Amino acid sequence: MSSTLTDTPTSSTTHDHALKPETSNLGFMRPDHSKSVLIDWLTTVDHKKIGIMYGAIALFFLLIGGIEALIIRAQLAVPENDLVSAQRYNQLFTMHGTTMIFLAIMPLNAAFFNFLVPLQIGARDVAFPRLNSFSLWTFVAGALVLNFSWLMQAFSELGWFTASGPTAGMDDFVPGMGWFGYAPLTERQFTGAGTDFWILGLQILGIASLGAAMNFVATILNMRAPGMKMMRLPVFTWMTLVVSLLIIFAFPAITIALGQLMFDRMFDTNFFQVAEGGQPILWQHLFWIFGHPEVYILVLPAMGIVSEVLPTFSKKPLFGYPIVVFSGAVIGFLGFAVWSHHMFTTGLGKVATAAFSLLTMAIAVPTGVKIFNWIGTLWGGRVRFDAPMIFSIGFIWMFMMGGFSGIMHSAAPADAQQQDSYFVIAHFHYVAIGGILLASISGIYFWLPKIVGKMWTGNLSTWVAIFTTVGLNVTFFPMHFLGLIGMPRRTHTYLSGFGWDGYNMVCSIGAFILAFGVLLFVIDIILCMTKGKPAGNDPWDARTLEWATTSPPQHYNFGRTPIIPARDALWEHKHGPENRNINFEADDGHGIHMPSQSWMPVLASFGFAPLGLGLCLMQVGIPYMGYVAIAGLFTIALGIILWAVEGPGGYHLHPEEDKI
Amino acid sequence: MKNASSGLRKLIALAISLITLTLLGGCDVNTRMSTFDTKGPVAETQYELFMITVWVSTFIFVLVGAFYLVAMFKFREKKNDTRPLPTQGHGNPLVEIGLIGASILLLVIIAVPTLRAIWYTHDIPFSEESQLGEWYQGDGLAAAEEDNVLTIRVNGYQWWWAFDYPQLGISTANEMVIPAGKVIRLELRSKDVIHSFWLPRIAGKVDLIPGRTNQMWIQAGDSFEAWQEKNNATGTDEELRAAYAQYLQDEIHNYYYGQCAEYCGDSHARMLFRSTVVGDDEFADWVSDIKQGHTTPNGMSWDDWYSTLNDSPETLSDDINQGLNLFMTRGKCATCHAVNGNPRALGVAGPNLTKVASRLSMAAGWLNHRAEDGSVDEAQQYENFFKWIKETDVVKPGNRMWKANGGGIGELDELLTDDEIRKISLYLQTLK
Amino acid sequence: MSDDAHNNDDGHHSLMVNNKKLLMWLFLGSDCMFFGTMISTHLIYRKLYPESYDPTSLFSLELTSFSTFILLMSSFLMALAVSAMHKGDIKSFRRNTIGVIFFGLIFLGCQVYEFTEFVHAGLTLSSGTFGSTFYMLTGTHGVHVAIGVFWLICMYFYSFTGKMDAHQSAVDVEIAGLYWHFVDIVWIIIFTAIYLIEFI
């Protein structure tokens, strides 16, 4: 079917009737239609721009986390190495984990959610655009607070100050207690202000995530275009919904745990102080009640991406769509029931161990179902090995391998040997890199042309694939053996004579191969954005609504609201029968109502930086920092009040009739 | 833009890399902390369960992998492909249900042995011949303990291990001596942060969590019945017992390596331990040695020695006596370290140093002086003692000996000189 | 689409719950888990160490019952305020909102008084696990009430600007009501699980 949907792109400015910004209820000018690029991007509430910013920052922190990993691997390449001190190494692995999870993968997922979900459901923007902006900038504040710790460590090493007050006598300012921060190591008598930076950083990041999650649930449930029933949603949007619900129900556990720890450290409570009756195991339970859903929060979006790419490049629908969606929901639900499989060695007792063991095995079933369905999608199709497809295919294989080591872990007695060794490091890196990273790269290869309007140049993607996959396997496959011959994790060095030397050297070499692959990927992105040819609306002959817009999409997404006839609406429109065409709502003359940009969420988010830093520096013993924290709190409150009072505003656009 | 050959290239690269690194890594799994080459029923059960998961995973991998590879090759787009669109199938509920059923079945194959193994590894088995009354050859065993198995209290500290044998009235540190072939109960406690006791060839790990006591059972070597069954051994009772003893001696008596397996702070990587597995008589000898403790270097009674130290210290002029002198006075070692026999060396904040010179490592397994034949390399041992005392903060950053709440070696006003450290090291080497 | 009532009413493909209301429900779901975690922590520690502290001599059931009743009544007034705004009766809305604020402040006053008494009697944040869990839980609840009171004060003053009417503001008042009722329900649970349970 011919399509008016894939016309040549128009220019991004349209004929606005009101190009002048208006004043808000507060009497200030709203920052709409700003000529300054800085102000435009700072105050934007456009989900596409917010998504791009999340993505750029995420990729930046992916590189930072990667460098931290390379230093780790360099240190471990030979036994009894002294490239970095024990303290520095411990800080590096803590920050590597925290950075990768909270500053790289989660915002990268947020980037995809933000850019795609409104387009995929045929909406103008998310339900609460200013809340979206708030989440982004709060995330930035959290990242800042967390990484400010490096500066403090540097200042301390230079001799400019020493810790006093609550953390007197400690010299660790960067978090160094492992990314899951087990008590009582995190109590004041064992670690210094680094732990406080970790606590505050994570709390701020948690607030950002919670805001975004609630926003997306409201968007997906309430903002779908007519005809876009739930079972017609793209799988990626479904996964966004499940992940958002997981965030809403899982984050409170860690918020409280972090709060309790913070109170222990700042206000002398006894939640985890053993001498006063505190139970360290409570921390583990609370953390993992969050932590296990968190890993599904990390991986379900990747599965959503793969579920979009595979059908597109097999030229047939996803095999068993309802079951794939249902499996995603089941995984999310069961994800709350397996947390103690991280605690098999803590002496849970036979019954609890058995229960969590069996439930963990159970969760393998819906995961397996997804893999079968992905292969079923390929089966009988017409498989094109374009760049996005190579990575999605790689995902299936590598994630499967990570899944196998997961099954091995689920057998609790076997886990008693594997837990806390390099075996578990192998497991989660296979699912994180082989799974999440490969899927994310696939998603970037798939959607970057839509985002920037330019196509990929050359064949670099093949090399990216080769180096990342080879690097991943050379780094992490030997780690299975390393763990099974006794090397514990989180060890800054090791002795010769245990049979670990050769494996470690191989792993370290692999890490650099993997890093090279990531470097090539960054280069490919830069090449695309600078030298890429115009991509056109639908370069891949894809299936979902976002490909019906221009590349990049217009500011307002869709000129007129589409009416959705079926699942894979765009595909049906192009290749399906006449009655499956996408029609559009009639133009009622009011034009397109766009949300106004705003400073207020930015103001509110900004307040988190002094709040977090103030509290951390108070723990370091720097005077007057309590006041800085209070000032931060006031800023947040002020921002929120002004945000409420200024009103949503909005303006109207009237694009040319025949453009979408 | 891309074609099948790039996918193919990727796969070949992957295969080559996997094979290469497997070869590179070597196939030697008989290493010091191997979980493959197990020496006890707990580790063996865990290993066998692991292998079940490996076989099931391999089966799934081969099957699913085959479909995966075939799907990619059979259904790939050909060059200049002008075929119409493939059939737009939406799924096949029967296939789905079948696959779900197959998955569940495979998981049941793993689940059943898992449950059995959980019960087996958790509950301390009843074993009459492991009861202290049956095999313990030392004296001083209370009557109440005769029906109990040997219980060792493992106390974890940052970054060393204390092993108490409450039934036998002794304590040691970092190198645990245990009898072969007996069920042993471990009580795991921590005094500061979470640690984890991992002796891989004997058993999987269990954590030491402050505020609670975990327990586990271990056994080095099979029990007599299990050994009999495994080897289909026949013969008279005497012959069997002798063969069993020979088996324990040849295959089980050894020096085993363990390590803390829960991140516990700066020097987590250097919190190792050892477990020496010996026969019943050797075990009894070891216990009585520790109970007895050490005499003074020149054979005096301890009271006499302390009087001499007080009245005429210059008569204690040889290196060893001077070493002991420094140990008790300027070095302040006795504040934290106990040496049995010596009535004034009662410290409990640090490892018990009774028979420290018989140990084949120190600093919680980090500094080693085990010769190839399993005996002590005295030259290396001296160097290790010296290094530990002189540069304890380099060997184990953050440790309490350097800076113990205002005390510690790093706080001595005028640190110990090299000559003083030499003497202390020589003294320590006499604690055999 | 902007963040006000303009969601897809044409949509038989939306949840037909106003965006803001949906957001508040989601937030309350999360807050449920939040308080649930804290209450669980308290109950776990009470089960582990029942003898470590006996609060029955310290707790004044009379005072706490009174403040609970006050909070319940404030919820009633809140419901009236919501109903008033639905009808567009600003004056009634203001009257009831002032009532809620007033009762909320009484509740907070009782809490402050109670805490002061407890601290004088020796129960502080550092008093074993009981002090830690008690104060963190009731303190967090108190902060929630304070935020609610502050919100209502802002709403009260905003009602004088003339920008509040049944059409625009019914939803806003409703979600404030939802929040307030939630805070009240949580208090009932806290009262039962932390105070009453000690007297069984």
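This is a predicted model: local features need pLDDT of at least 70, side-chain atom pairs count only at pLDDT 80 or more; totals for chains, interfaces and linings use all residues.
Trainee: Which chains share the most contacts?
Mentor: Let's start with the pairs. There are 2 pairs of chains in contact.

Trainee: How much area is buried between chain B and chain A?
Mentor: The contact draws on 104 residues of chain B and 116 residues of chain A. Carbon and sulfur atoms give 70% of the buried area. The area itself comes to about 9,400 Å².

Trainee: How do the residues on the side of chain B that touches chain A divide by class?
Mentor: Good thing to ask after the area! Across this interface there are 27 residue pairs in polar contact. On the side of chain B, the elements that each supply at least two residues include H1, H2 and helix H3 (93-122). By class, that side holds 55 nonpolar, 32 polar and 17 charged residues.

Trainee: Is B:Ser34 buried or exposed?
Mentor: First find B:Ser34 in the loop between helix H1 (4-25) and helix H2 (41-74) of chain B. Beyond its neighbours within four places in sequence, B:Ser34 is in contact with residues of both chains, including A:Leu484, A:Ile485 and B:Pro200. Its relative accessibility is 0%, and the cut-off for buried is under 20%, so B:Ser34 counts as buried.

Trainee: Which residue's backbone nitrogen does the side chain of B:Ser34 reach?
Mentor: Look along chain B from B:Ser34, still with its side chain in view. The distance to that backbone nitrogen is 2.9 Å. The residue is B:Phe36.

Trainee: Which element gives the most residues to the side of chain A that touches chain C?
Mentor: Here 50 residues come from chain A and 41 residues from chain C. Chain A and chain C have 0 salt bridges between them, but 11 residue pairs are in polar contact. Among the elements of chain A that give two or more residues are helix H4 (129-157), helix H5 (193-222) and helix H6 (235-267). The one that gives the most, with 11 residues, is H6(A).

Trainee: Which residues of chain A lose the most area to chain C?
Mentor: Between them, chain A and chain C bury about 3,800 Å², with 67% of it on carbon and sulfur atoms. Three residues together make up 17% of what the chain A side buries. They are A:Phe128, A:Asn222 and A:Ile256.

Trainee: How many residue pairs are in polar contact between domain 2 of chain B and domain 3 of chain B?
Mentor: Chain B is divided into domain 1 (28-78 + 87-122), domain 2 (130-288) and domain 3 (293-428). The C-alpha centres of domain 2 and domain 3 of chain B lie 27 Å apart, and these two domains bury about 1,700 Å² between them. Their count of salt bridges is 0. For residue pairs in polar contact, the count is 12.

Note on methods. Residues are numbered from 1 along each chain as its sequence is written. Chains are lettered from A and ligands numbered from 1 in the order in which they are written. Side-chain values use heavy atoms; hydrogens and water are left out. Contact means heavy atoms within 4.5 Å. Buried area is the accessible area (1.4 Å probe) that two parts lose on being put together, summed over both. A salt bridge is a side-chain nitrogen of Lys or Arg within 4 Å of a carboxyl oxygen of Asp or Glu. A polar contact is a pair of N or O atoms within 3.5 Å; within protein, one must be able to donate a hydrogen and the other to accept it, and residues adjacent in sequence count only if both atoms are side-chain atoms. Helices (H or I, at least four residues) and strands (E, at least two) are DSSP runs, numbered from the N terminus. Domain bounds come from an automatic or database domain assignment. Buried means under 20% relative accessible area, exposed over 50%, partly exposed in between (1.4 Å probe, protein chains only). Ala, Val, Leu, Ile, Met, Phe, Trp, Tyr, Cys and Pro count as nonpolar, Asp, Glu, Lys and Arg as charged, and the others, Gly among them, as polar.
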